[in-house]
Amino acid sequence: MSAPAERAAVPGSYRPALRAGVLVGGPLYDGPATVHLVKDTGTGHAFKVGPREAFLLARMDGTRALDDLGTEYAAAHGKRLGEAQWRQLLALLGTRGLLDGAPRPAAAEAAASTAAEPRTLWRGTLRLVADADATTARLHRVLRPLLHPAALVPLLLLVLALQVALVVRAGEALDATWALFRNPVLLVAAATLLWLSTALHELAHGVVARHYGGTVAEIGLRWRLPVVIMYCTVDNYPYLPTRWARIATAVAGAVMNLLFLLPFGALWLLAPPDDATRDACAALVLLGTVQALAMLIPLPPLDGYQIAGQLTRTLGLFTASRTYLGLALRRDAAARAYPAPARRAYAAYPAAVLLVLAGIGLALWAAARHLLTGS
(Lines give C-alpha, C1' and ligand atoms only; values in the text may rest on other atoms or scores of the structure.)
Protein backbone atom coordinates (compact mmCIF):
# COMPACT_ATOMS: atom_id res chain seq x y z
CA MET A 1 0.00 0.00 0.00
CA SER A 2 1.27 3.50 -0.82
CA ALA A 3 2.21 6.02 1.83
CA PRO A 4 -0.83 8.24 1.17
CA ALA A 5 -3.13 5.27 1.68
CA GLU A 6 -1.49 4.48 5.02
CA ARG A 7 -1.88 8.05 6.21
CA ALA A 8 -5.58 7.88 5.39
CA ALA A 9 -5.97 5.73 8.51
CA VAL A 10 -5.70 8.96 10.52
CA PRO A 11 -7.96 11.34 8.54
CA GLY A 12 -7.28 14.43 10.58
CA SER A 13 -3.49 14.21 10.24
CA TYR A 14 -3.11 14.16 6.46
CA ARG A 15 -3.55 17.07 4.03
CA PRO A 16 -3.59 15.61 0.51
CA ALA A 17 -2.32 17.74 -2.36
CA LEU A 18 -2.40 16.97 -6.04
CA ARG A 19 0.92 17.04 -7.82
CA ALA A 20 1.71 20.32 -9.61
CA GLY A 21 0.52 20.04 -13.17
CA VAL A 22 -2.53 17.88 -12.45
CA LEU A 23 -5.57 19.54 -14.04
CA VAL A 24 -9.24 18.93 -13.27
CA GLY A 25 -11.80 20.01 -15.85
CA GLY A 26 -15.40 21.10 -15.44
CA PRO A 27 -18.48 18.87 -15.77
CA LEU A 28 -19.27 17.37 -19.17
CA TYR A 29 -22.06 15.11 -20.35
CA ASP A 30 -20.67 11.81 -21.59
CA GLY A 31 -23.70 9.87 -22.77
CA PRO A 32 -25.94 9.36 -19.72
CA ALA A 33 -23.06 10.11 -17.33
CA THR A 34 -21.59 13.38 -16.09
CA VAL A 35 -17.80 13.29 -16.00
CA HIS A 36 -14.78 15.50 -15.39
CA LEU A 37 -11.51 15.19 -17.28
CA VAL A 38 -8.32 14.89 -15.25
CA LYS A 39 -4.86 15.21 -16.79
CA ASP A 40 -1.33 14.90 -15.48
CA THR A 41 0.57 17.30 -17.71
CA GLY A 42 3.84 15.74 -16.60
CA THR A 43 3.01 12.44 -18.29
CA GLY A 44 0.23 13.46 -20.67
CA HIS A 45 -2.02 10.81 -19.11
CA ALA A 46 -5.72 11.81 -18.97
CA PHE A 47 -8.79 10.03 -17.67
CA LYS A 48 -12.37 10.62 -16.54
CA VAL A 49 -13.80 10.80 -13.03
CA GLY A 50 -17.30 11.30 -11.70
CA PRO A 51 -18.60 14.53 -10.11
CA ARG A 52 -18.03 13.31 -6.54
CA GLU A 53 -14.41 12.39 -7.17
CA ALA A 54 -13.88 15.69 -9.01
CA PHE A 55 -15.37 17.56 -6.02
CA LEU A 56 -12.65 16.12 -3.80
CA LEU A 57 -9.82 16.44 -6.31
CA ALA A 58 -10.55 20.13 -6.84
CA ARG A 59 -10.10 20.68 -3.08
CA MET A 60 -6.92 18.67 -2.60
CA ASP A 61 -4.58 21.64 -2.48
CA GLY A 62 -2.65 20.75 0.67
CA THR A 63 -4.53 23.23 2.89
CA ARG A 64 -7.41 20.95 3.93
CA ALA A 65 -7.13 17.92 6.19
CA LEU A 66 -9.19 14.86 5.34
CA ASP A 67 -11.62 15.75 8.13
CA ASP A 68 -12.23 19.14 6.47
CA LEU A 69 -12.67 17.53 3.07
CA GLY A 70 -15.07 15.02 4.57
CA THR A 71 -17.15 17.80 6.12
CA GLU A 72 -17.36 19.70 2.82
CA TYR A 73 -18.22 16.50 0.98
CA ALA A 74 -20.97 15.63 3.45
CA ALA A 75 -22.45 19.14 3.19
CA ALA A 76 -22.54 18.90 -0.62
CA HIS A 77 -23.64 15.28 -1.00
CA GLY A 78 -25.38 14.42 2.26
CA LYS A 79 -23.03 11.58 3.13
CA ARG A 80 -19.62 11.24 4.74
CA LEU A 81 -16.93 9.03 3.31
CA GLY A 82 -15.76 6.17 5.50
CA GLU A 83 -12.15 5.31 6.19
CA ALA A 84 -12.21 2.46 3.65
CA GLN A 85 -13.43 4.84 0.94
CA TRP A 86 -10.70 7.34 1.76
CA ARG A 87 -8.10 4.56 1.62
CA GLN A 88 -9.40 3.43 -1.76
CA LEU A 89 -9.42 6.94 -3.25
CA LEU A 90 -6.00 7.92 -1.96
CA ALA A 91 -4.49 4.59 -3.00
CA LEU A 92 -5.88 5.11 -6.51
CA LEU A 93 -4.47 8.64 -6.72
CA GLY A 94 -1.14 7.46 -5.35
CA THR A 95 -0.99 4.57 -7.82
CA ARG A 96 -1.63 6.96 -10.70
CA GLY A 97 1.11 9.27 -9.38
CA LEU A 98 -1.28 12.20 -8.96
CA LEU A 99 -0.56 12.99 -5.31
CA ASP A 100 2.31 15.24 -4.36
CA GLY A 101 5.19 13.05 -3.24
CA ALA A 102 3.91 9.86 -4.87
CA PRO A 103 6.15 8.32 -7.56
CA ARG A 104 4.87 8.44 -11.10
CA PRO A 105 4.09 5.01 -12.56
CA ALA A 106 6.85 3.63 -14.77
CA ALA A 107 4.37 3.00 -17.57
CA ALA A 108 3.28 6.62 -17.51
CA GLU A 109 6.88 7.80 -17.64
CA ALA A 110 7.50 5.56 -20.62
CA ALA A 111 4.40 6.88 -22.37
CA ALA A 112 5.51 10.45 -21.71
CA SER A 113 8.87 9.83 -23.36
CA THR A 114 7.47 7.99 -26.40
CA ALA A 115 8.90 9.43 -29.60
CA ALA A 116 6.72 11.12 -32.18
CA GLU A 117 5.36 9.11 -35.08
CA PRO A 118 8.03 8.09 -37.62
CA ARG A 119 8.56 10.60 -40.39
CA THR A 120 8.54 9.50 -44.00
CA LEU A 121 8.53 11.35 -47.28
CA TRP A 122 4.78 10.90 -47.50
CA ARG A 123 3.64 11.65 -43.97
CA GLY A 124 4.93 12.93 -40.67
CA THR A 125 5.35 15.93 -38.39
CA LEU A 126 8.21 18.33 -37.76
CA ARG A 127 8.56 20.64 -34.78
CA LEU A 128 9.43 24.18 -35.84
CA VAL A 129 10.40 25.63 -32.44
CA ALA A 130 12.09 24.07 -29.42
CA ASP A 131 9.85 25.79 -26.85
CA ALA A 132 6.40 26.36 -28.32
CA ASP A 133 4.96 27.79 -25.11
CA ALA A 134 7.70 30.42 -24.81
CA THR A 135 7.27 31.35 -28.46
CA THR A 136 3.53 31.73 -28.01
CA ALA A 137 4.08 33.77 -24.86
CA ARG A 138 6.23 36.22 -26.82
CA LEU A 139 3.59 36.48 -29.55
CA HIS A 140 0.95 37.06 -26.89
CA ARG A 141 2.89 39.91 -25.34
CA VAL A 142 3.05 41.62 -28.73
CA LEU A 143 -0.55 40.95 -29.74
CA ARG A 144 -2.29 41.31 -26.38
CA PRO A 145 -3.44 44.91 -27.09
CA LEU A 146 -5.42 43.58 -30.08
CA LEU A 147 -7.32 41.22 -27.77
CA HIS A 148 -8.67 44.11 -25.73
CA PRO A 149 -12.32 44.91 -26.59
CA ALA A 150 -11.34 48.46 -27.56
CA ALA A 151 -9.30 47.05 -30.46
CA LEU A 152 -11.07 43.76 -31.09
CA VAL A 153 -14.61 45.09 -31.47
CA PRO A 154 -13.74 47.57 -34.28
CA LEU A 155 -11.79 44.84 -36.07
CA LEU A 156 -14.75 42.47 -35.84
CA LEU A 157 -17.06 45.19 -37.15
CA LEU A 158 -14.74 45.60 -40.14
CA VAL A 159 -14.87 41.84 -40.71
CA LEU A 160 -18.67 41.98 -40.58
CA ALA A 161 -18.75 44.88 -43.03
CA LEU A 162 -16.52 42.96 -45.45
CA GLN A 163 -18.77 39.90 -45.22
CA VAL A 164 -21.84 42.03 -45.93
CA ALA A 165 -20.07 43.48 -48.97
CA LEU A 166 -19.19 39.95 -50.09
CA VAL A 167 -22.83 38.89 -49.90
CA VAL A 168 -24.03 42.00 -51.76
CA ARG A 169 -21.39 41.57 -54.47
CA ALA A 170 -21.29 37.77 -54.49
CA GLY A 171 -21.75 37.57 -58.26
CA GLU A 172 -18.72 39.75 -58.88
CA ALA A 173 -16.62 37.70 -56.45
CA LEU A 174 -17.72 34.42 -58.08
CA ASP A 175 -16.78 35.68 -61.55
CA ALA A 176 -13.39 36.81 -60.24
CA THR A 177 -12.82 33.44 -58.59
CA TRP A 178 -13.68 31.57 -61.78
CA ALA A 179 -11.22 33.76 -63.65
CA LEU A 180 -8.58 33.12 -60.97
CA PHE A 181 -8.75 29.36 -61.55
CA ARG A 182 -7.94 29.96 -65.20
CA ASN A 183 -4.83 32.02 -64.37
CA PRO A 184 -2.08 29.70 -63.03
CA VAL A 185 0.19 32.50 -61.81
CA LEU A 186 -2.51 34.26 -59.79
CA LEU A 187 -3.83 30.91 -58.57
CA VAL A 188 -0.44 29.96 -57.12
CA ALA A 189 -0.17 33.39 -55.45
CA ALA A 190 -3.66 33.03 -53.95
CA ALA A 191 -2.93 29.48 -52.74
CA THR A 192 0.26 30.71 -51.07
CA LEU A 193 -1.62 33.46 -49.26
CA LEU A 194 -4.34 31.05 -48.17
CA TRP A 195 -1.67 28.68 -46.81
CA LEU A 196 -0.18 31.57 -44.86
CA SER A 197 -3.67 32.23 -43.53
CA THR A 198 -3.88 28.65 -42.23
CA ALA A 199 -0.56 29.12 -40.42
CA LEU A 200 -1.86 32.28 -38.77
CA HIS A 201 -5.06 30.39 -37.96
CA GLU A 202 -3.09 27.85 -35.92
CA LEU A 203 -0.99 30.48 -34.15
CA ALA A 204 -4.17 32.37 -33.25
CA HIS A 205 -5.41 29.31 -31.34
CA GLY A 206 -2.19 29.29 -29.34
CA VAL A 207 -2.11 33.03 -28.65
CA VAL A 208 -5.72 33.18 -27.45
CA ALA A 209 -5.26 30.05 -25.32
CA ARG A 210 -2.17 31.72 -23.79
CA HIS A 211 -4.31 34.80 -23.11
CA TYR A 212 -6.56 32.66 -20.91
CA GLY A 213 -3.75 30.83 -19.15
CA GLY A 214 -3.30 27.93 -21.55
CA THR A 215 -0.06 26.30 -22.56
CA VAL A 216 1.12 25.35 -26.05
CA ALA A 217 2.91 22.03 -26.39
CA GLU A 218 4.02 22.10 -30.02
CA ILE A 219 4.19 24.29 -33.10
CA GLY A 220 5.18 22.50 -36.27
CA LEU A 221 4.39 21.19 -39.71
CA ARG A 222 2.28 18.13 -40.49
CA TRP A 223 2.20 16.60 -43.92
CA ARG A 224 0.08 13.97 -45.61
CA LEU A 225 1.29 14.58 -49.12
CA PRO A 226 0.24 16.47 -51.10
CA VAL A 227 -1.17 18.40 -48.11
CA VAL A 228 1.23 20.26 -45.82
CA ILE A 229 -0.23 22.27 -42.95
CA MET A 230 1.02 24.02 -39.84
CA TYR A 231 -0.27 22.92 -36.43
CA CYS A 232 -0.30 24.42 -32.95
CA THR A 233 -1.20 22.07 -30.09
CA VAL A 234 -2.84 23.66 -27.04
CA ASP A 235 -1.87 21.22 -24.31
CA ASN A 236 -4.57 22.03 -21.76
CA TYR A 237 -7.48 23.20 -23.93
CA PRO A 238 -10.23 21.28 -22.01
CA TYR A 239 -8.91 22.73 -18.74
CA LEU A 240 -8.96 26.43 -19.60
CA PRO A 241 -10.65 28.33 -16.76
CA THR A 242 -14.03 29.07 -18.34
CA ARG A 243 -16.23 27.81 -21.11
CA TRP A 244 -15.94 31.21 -22.79
CA ALA A 245 -12.14 30.86 -22.81
CA ARG A 246 -12.44 27.50 -24.55
CA ILE A 247 -14.94 28.82 -27.11
CA ALA A 248 -12.80 31.90 -27.78
CA THR A 249 -9.74 29.69 -28.30
CA ALA A 250 -11.60 27.44 -30.73
CA VAL A 251 -13.09 30.32 -32.75
CA ALA A 252 -9.83 32.32 -32.81
CA GLY A 253 -8.51 30.53 -35.89
CA ALA A 254 -11.49 31.37 -38.09
CA VAL A 255 -11.50 34.96 -36.83
CA MET A 256 -7.82 35.22 -37.74
CA ASN A 257 -8.60 33.95 -41.25
CA LEU A 258 -11.22 36.68 -41.67
CA LEU A 259 -8.98 39.41 -40.22
CA PHE A 260 -6.29 38.35 -42.68
CA LEU A 261 -8.68 39.20 -45.52
CA LEU A 262 -9.29 42.82 -44.46
CA PRO A 263 -6.48 44.47 -46.49
CA PHE A 264 -7.39 42.42 -49.55
CA GLY A 265 -11.03 43.36 -49.07
CA ALA A 266 -10.05 47.02 -48.97
CA LEU A 267 -8.15 46.64 -52.26
CA TRP A 268 -11.12 44.91 -53.82
CA LEU A 269 -13.64 47.53 -52.74
CA LEU A 270 -11.45 50.59 -53.34
CA ALA A 271 -9.32 49.69 -56.38
CA PRO A 272 -10.28 51.11 -59.81
CA PRO A 273 -12.90 49.00 -61.66
CA ASP A 274 -10.50 47.84 -64.38
CA ASP A 275 -7.60 47.00 -62.07
CA ALA A 276 -6.59 43.30 -62.31
CA THR A 277 -5.56 43.43 -58.65
CA ARG A 278 -9.16 44.19 -57.75
CA ASP A 279 -10.46 40.95 -59.27
CA ALA A 280 -7.69 38.88 -57.70
CA CYS A 281 -8.50 40.36 -54.28
CA ALA A 282 -12.21 39.69 -54.76
CA ALA A 283 -11.43 36.05 -55.45
CA LEU A 284 -9.10 35.85 -52.45
CA VAL A 285 -11.75 37.30 -50.16
CA LEU A 286 -14.31 34.74 -51.35
CA LEU A 287 -11.94 31.77 -51.06
CA GLY A 288 -10.61 32.96 -47.70
CA THR A 289 -14.13 33.37 -46.35
CA VAL A 290 -15.03 29.85 -47.47
CA GLN A 291 -11.86 28.59 -45.79
CA ALA A 292 -12.71 30.33 -42.52
CA LEU A 293 -16.38 29.33 -42.43
CA ALA A 294 -15.57 25.73 -43.35
CA MET A 295 -13.59 25.44 -40.10
CA LEU A 296 -16.75 26.38 -38.19
CA ILE A 297 -18.81 23.46 -39.51
CA PRO A 298 -19.76 21.47 -36.37
CA LEU A 299 -18.27 18.16 -37.50
CA PRO A 300 -15.12 16.47 -36.15
CA PRO A 301 -12.26 17.35 -36.25
CA LEU A 302 -13.10 20.96 -37.17
CA ASP A 303 -13.08 23.92 -34.79
CA GLY A 304 -16.86 24.18 -35.08
CA TYR A 305 -17.15 20.75 -33.48
CA GLN A 306 -15.10 21.92 -30.50
CA ILE A 307 -17.36 24.96 -30.19
CA ALA A 308 -20.49 22.80 -30.36
CA GLY A 309 -19.09 20.56 -27.63
CA GLN A 310 -18.43 23.56 -25.39
CA LEU A 311 -21.84 25.11 -26.04
CA THR A 312 -23.56 21.85 -25.10
CA ARG A 313 -21.04 20.86 -22.38
CA THR A 314 -20.66 17.43 -23.97
CA LEU A 315 -17.81 15.02 -24.58
CA GLY A 316 -17.73 13.09 -27.85
CA LEU A 317 -20.84 14.89 -29.09
CA PHE A 318 -20.99 13.20 -32.51
CA THR A 319 -20.82 9.62 -31.22
CA ALA A 320 -22.91 10.26 -28.11
CA SER A 321 -25.63 11.96 -30.16
CA ARG A 322 -25.80 9.03 -32.58
CA THR A 323 -26.05 6.58 -29.68
CA TYR A 324 -28.77 8.56 -27.93
CA LEU A 325 -30.85 9.02 -31.08
CA GLY A 326 -30.65 5.28 -31.75
CA LEU A 327 -32.01 4.59 -28.28
CA ALA A 328 -34.68 7.27 -28.52
CA LEU A 329 -35.93 6.13 -31.92
CA ARG A 330 -36.24 2.57 -30.62
CA ARG A 331 -38.02 3.93 -27.55
CA ASP A 332 -35.43 2.21 -25.41
CA ALA A 333 -35.81 2.87 -21.69
CA ALA A 334 -32.08 3.62 -21.53
CA ALA A 335 -32.72 6.92 -23.34
CA ARG A 336 -34.63 8.19 -20.31
CA ALA A 337 -31.53 7.73 -18.15
CA TYR A 338 -29.85 10.64 -19.94
CA PRO A 339 -30.00 13.99 -18.09
CA ALA A 340 -32.48 16.42 -19.66
CA PRO A 341 -29.78 18.89 -20.85
CA ALA A 342 -27.89 16.01 -22.49
CA ARG A 343 -31.06 14.79 -24.22
CA ARG A 344 -31.68 18.26 -25.62
CA ALA A 345 -28.07 18.60 -26.80
CA TYR A 346 -27.98 15.19 -28.46
CA ALA A 347 -31.29 15.80 -30.21
CA ALA A 348 -30.44 19.34 -31.33
CA TYR A 349 -26.95 18.55 -32.63
CA PRO A 350 -27.90 16.50 -35.72
CA ALA A 351 -30.61 19.02 -36.57
CA ALA A 352 -28.05 21.82 -36.40
CA VAL A 353 -25.60 19.87 -38.58
CA LEU A 354 -28.29 19.19 -41.18
CA LEU A 355 -29.24 22.88 -41.17
CA VAL A 356 -25.61 23.91 -41.73
CA LEU A 357 -25.14 21.36 -44.49
CA ALA A 358 -28.38 22.48 -46.12
CA GLY A 359 -27.12 26.07 -46.06
CA ILE A 360 -23.86 24.97 -47.68
CA GLY A 361 -25.77 23.06 -50.35
CA LEU A 362 -27.95 26.07 -51.07
CA ALA A 363 -24.90 28.33 -51.38
CA LEU A 364 -23.21 25.88 -53.76
CA TRP A 365 -26.37 25.63 -55.86
CA ALA A 366 -26.63 29.43 -56.07
CA ALA A 367 -22.94 29.71 -57.03
CA ALA A 368 -23.25 27.05 -59.74
CA ARG A 369 -26.41 28.67 -61.08
CA HIS A 370 -24.68 32.04 -61.33
CA LEU A 371 -21.63 30.61 -63.12
CA LEU A 372 -23.76 28.62 -65.55
CA THR A 373 -26.45 31.18 -66.30
CA GLY A 374 -24.90 34.48 -65.22
CA SER A 375 -27.90 35.29 -63.05
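Is Thr 249 buried or exposed? I kept in mind that this is a predicted model. I found Thr 249 to be buried, because its relative accessible area is 2% and the cut-off for buried is under 20%.

**Entry: around Thr 249**

I placed Thr 249 in helix H10, which covers residues 243–260. I then set aside the neighbours within four places in sequence and listed what Thr 249 touches. The contacts are His 205, Val 208, Ala 209, Tyr 212, Tyr 237 and Leu 240.

**Entry: a nonpolar patch**

Which residues make the nonpolar surface patch? I noted Leu 121, Trp 122, Trp 195, Leu 196, Leu 225 and Val 228, with a patch area of about 600 Å².

**Entry: cis peptide bonds**

Leu 225, one of the patch residues, came up again here. A cis peptide bond joins Leu 225 to Pro 226, with omega at about 15 degrees. I located Pro 226 in the loop that runs between strand S5 (216–224) and strand S6 (227–234).

I also logged a cis bond between Pro 300 and Pro 301, where omega is about 5 degrees. Pro 301 sits in the loop between helix H12 (276–294) and helix H13 (303–312).

Where do Arg 313 and Arg 331 lie? I put Arg 313 in the loop between H13 and helix H14 (317–329), and Arg 331 in the loop between H14 and helix H15 (340–373). Arg 313 has a positive phi of about 55 degrees although it is not a glycine. For Arg 331 I also wrote down a positive phi of about 55 degrees, again at a residue that is not a glycine.

I checked their accessibility last. Arg 313 has a relative accessible area of 36%, so it goes down as partly exposed. Arg 331 is at 75% and therefore counts as exposed, the cut-off for exposed being over 50%.

Note on methods. Residues are numbered from 1 along each chain as its sequence is written. This is a predicted model: local features need pLDDT of at least 70, side-chain atom pairs count only at pLDDT 80 or more; totals for chains, interfaces and linings use all residues. Side-chain values use heavy atoms; hydrogens and water are left out. Patches are made of residues with over 30% relative accessible area and no salt bridge: like charges are joined within 9 Å, nonpolar side chains (Val, Leu, Ile, Met, Phe, Trp, Tyr) within 5 Å. Accessible areas come from the Shrake-Rupley method with a 1.4 Å probe; for residues, only the protein chains shown count as cover. A salt bridge is a side-chain nitrogen of Lys or Arg within 4 Å of a carboxyl oxygen of Asp or Glu. Helices (H or I, at least four residues) and strands (E, at least two) are DSSP runs, numbered from the N terminus. Buried means under 20% relative accessible area, exposed over 50%, partly exposed in between (1.4 Å probe, protein chains only). Contact means heavy atoms within 4.5 Å.
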